Amino acid sequence: MAGLDWTYGVSTLRQWESADYEPSLPVSEKSNPLTCDIDRASAYSIVKMLQVCDSQMFQKEAGMTYQRLLSDQVVKTLMEVAKRVEVIIKDPQESCVVMSGCGTSGRLAFLISSGSNKALSQLNQSEVYSYIIAGGDRALLSSQEAPEDDPRLGVLSLKKVCEGKKRVLFIGISCGLSAPFVAGQLDFCLQHPEVYTPVLVGFNPAHQARDEPIQDCTFTFHSVVQRMQELAKSQKAFLINPAVGPEAISGSSRMKGGSATKILLEVAFSAAHAATSSNTPITHNGVLQHMMAYERTLAVTYSQTDGITTLVEAAGESLRCSRHVYYLGWGSLALLGLIDASECRPTFGADYEDVRGFIRGGYRELNNNDGPLTSLGPKFSIAHEDFLHLILPCLTDKDTVLLIYTHSDDATEVGNMARRVREKTPNLHAVYHQADGDTAASLQQDDIKKLCLSTLKITWPQEALVSGTLQHMRELSTKLVLNAVSTGAHVLKGKIYQNHMIDLQVTNTKLYRRATRLLQKLSACPEEKCEEALLKAIYRVDMLTLEMTSSDITTHTCFARNSTKVVPLALVILLTGWSLVEAESHLKQQPIVREAVAQWMW
């Protein structure tokens, strides 16, 4: 794979757009034909695959099949949303902008809310942004999948945040147009148009919104979208749903889905801030140019492919040795480290200790709604001091430590942390952002660089400083790098089958359905047989009881929270015909599913 030519033809890049390519799946759940052998790729090839997949976000619209990120309608809708935000900023009394989502979408709602409020404070404007995440603030740092299925919980959380408000711009984020938690909130907004203007952000066409019944509800996500489409004609609701192409790892919306969410919302909010502070009009060209600045961010970031590859190799080796990867960050870039680490457990079936993030200032810097969460357990210890006290004493040269900072951060402080880590392990690396021509920062960086095994230096052109987009570009760049590191490391560990998340946790309805579809695709067995194997793996039995088979999905997913390797076990059972005990034994000896099955075939 390392010798591949990475210049793809248009037909290859657009293969997923064909009507006969995995026609039963929505775009967000399709597999990406570019990465079908990512599980057998080298670290360098993995990074190049991710680069090409990320570039699909900015592909131009072709025909009428899919609306794209830079499509005219998307830009126009962003302009209208920005105008609504501008009105709220200028008259913040009893008004607010609320972003809500589950998992990655909720974490990005928090990140964008935090950054946007800071931007308003710098403009001497009142803070107007709030966030909601399914499962509450603990979901910022750990997997809380079950609340995604509860629309009533979504409504209650929305009412709480908006108590006393008379004008609310509500932005529900659901990459697959599927989360019942968000559907409930959107339905509530539609019932109260005198207060709420609903905005839906996702990455499937409207007709692909999930149309399955939601427990104890008279609506589906699909029916909510249909109502919003009708109201969008009179600009009483807004739907922002460009297709950005299948994820590099099928269904892993933490990657392109998360990046596109960040781009769309930051563009709209930045336009509103500029209109408020300097009377800069919100124009089509202004919004489009801002979005294209993010496209340039991809080019700047992936120009460092060799450096990213080094990080992927180091992190992959650590995970293969059953050791750990630690992100030590400063400022908003550290938040991206916390977010990336928190996503590894549900995505790859990882232990929370496998990849962990720490932030200078801990919860004081995080500034989340619920404040410090350390009483909930060690996984919620996130300050640099926690790393020094809890992790550093046990650090070995098999662990990978990654410093994440910018030229604006205290170089002396970064250097001191580097020296402390270096005393325990040489396996220290850095991701460092600086502005082009900043020679003073370069001199300070030299001492830190000498302590690191590798340094990924990302230099931003002067126009980024002038346009005021530098912070957003650095954040997106850091997200791309960390997504590559954690994804690549887990691929190298064997957590991916072809380009599918084979070891995902089956802890809510969305993931249960995804697991069943995945088993169908990989085994070519009927749906009924796949679901039977999945239940055997969940309940750890060879014979299912009537109670098991007649229970609803919620019961299955509750039980699955205490089970490991559910999908790998089910797949091995389907492909080999082994009993549960035999499948468990073989996976214990060879945890990489593709290799375990290959050994059986030989």
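**Entry 1: D54.** For charge, I count Lys and Arg as positive and Asp and Glu as negative, leaving out His and the chain ends. The side chain of D54 does make a polar contact with that of Y302, at 2.6 Å. Such a contact is a pair of N or O atoms within 3.5 Å; within protein, one must be able to donate a hydrogen and the other to accept it, and residues adjacent in sequence count only if both atoms are side-chain atoms.

**Entry 2: the model.** I note that this is a predicted model, where local features need pLDDT of at least 70 and side-chain atom pairs pLDDT 80 or more, while totals for chains, interfaces and linings use all residues. Residues are numbered from 1 along each chain as its sequence is written, and side-chain values use heavy atoms, without hydrogens and water.

**Entry 3: K48.** D54 lies in helix α2, and I found K48 in helix α2 (residues 43-55) too. Helices are DSSP runs (H or I, at least four residues), numbered from the N terminus. Which side chain of opposite charge is nearest to K48? It is D306, 8.0 Å away. K48 is buried and has no salt bridge. Its side chain joins that of Q51 in a polar contact of 2.9 Å.

Terms used. Helices (H or I, at least four residues) and strands (E, at least two) are DSSP runs, numbered from the N terminus. Buried means under 20% relative accessible area, exposed over 50%, partly exposed in between (1.4 Å probe, protein chains only). A salt bridge is a side-chain nitrogen of Lys or Arg within 4 Å of a carboxyl oxygen of Asp or Glu.
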